Amino acid sequence: MLDQYEGQVGGVDHQSCTINIKSGQQKLLEADTILHEAVHVLDEIFQLNLTERHVYCLTGGIIALLRDNPEFVRYLQDAIANPRTV
Ligand SMILES: [Zn+2]
């Protein structure tokens, strides 16, 4: 399935709305790959015209933000699972 992404660890099939990743990656790199491809999808949906460098830097920055701030991750999980009604 990844033949179309020769030399890459992941890719987006816009036709089937699917993110494909290479199996057997180290867990953190796999998460980075999935997020990287998701940012590509958002770029496409919102027509942001991001460069590969933009996607790479955003992905690395978001992973670092989440790794460095586990309380923020828990906050986000709670906010998403239990939206507050004001
Ligand atoms: Zn990319």
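**Loops, metal site and surroundings**

A: Cysteine 17 counts as exposed, with a relative accessibility of 72%. The scale uses relative accessible area: buried is under 20%, exposed is over 50%, and partly exposed lies in between (1.4 Å probe, protein chains only). The model is predicted, so local features need pLDDT of at least 70 and side-chain atom pairs count only at pLDDT 80 or more, while totals for chains, interfaces and linings use all residues. Residues are numbered from 1 along each chain as its sequence is written, and side-chain values use heavy atoms, with hydrogens and water left out.

Stay with cysteine 17. This residue sits in the loop between strand S1 (10–13) and strand S2 (18–21). Helices (H or I, at least four residues) and strands (E, at least two) are DSSP runs, numbered from the N terminus. The phi of cysteine 17 is positive, about 55°, although the residue is not a glycine. Most residues other than glycine have a negative phi.

Glutamine 47 also has a positive phi, near 50°, and is not a glycine. Its place is the loop between H1 and H2. Glutamine 47 counts as exposed at 64% relative accessibility.

Now the helices on either side of that loop. The zinc ion takes its protein donors from His36 (NE2), His40 (NE2), Glu52 (OE) and Glu52 (OE), at 1.9 to 2.8 Å. Donors are N, O and S atoms within 2.8 Å of the metal (3.2 Å for Na, K and Ca); water is not among the atoms, so sites may look incomplete. Along the chain, the donors follow the spacing H-x3-H-x11-E.

What is the geometry of the zinc site? The site is irregular, with angles of 52 to 133° among its four donor atoms. Four donors count as tetrahedral if all angles lie between 85 and 135 degrees; four count as square planar and six as octahedral if opposite donors are over 155 degrees apart and all others between 65 and 115; anything else is irregular. Histidine 36 counts as buried, because its relative accessibility is 10%. Glutamate 52 is partly exposed at 46% relative accessible area.

Next, aspartate 43, which lies in helix H1. Aspartate 43 is buried and has no salt bridge. A salt bridge is a side-chain nitrogen of Lys or Arg within 4 Å of a carboxyl oxygen of Asp or Glu. For aspartate 43, the nearest side chain of opposite charge is arginine 53, 14 Å away. Lys and Arg count as positive and Asp and Glu as negative; His and the chain ends are not counted. The side chain of aspartate 43 does reach the backbone nitrogen of leucine 50, at 3.0 Å. Leaving aside neighbours within four places in sequence, aspartate 43 is in contact (heavy atoms within 4.5 Å) with Leu48, Asn49 and Leu50.

Further along helix H2 comes leucine 65. Leucine 65 is partly exposed at 41% relative accessible area.

Step back to the whole chain. The secondary structure comes to three helices and two strands, in the order β-β-α-α-α from the N terminus. Buried residues make up 19% of the 86 residues. The C-alpha atoms fill a box of roughly 45 × 30 × 25 Å along the principal axes.

Terms used. Polar contact = N/O pair within 3.5 Å; in protein donor to acceptor, adjacent residues only side chain to side chain.
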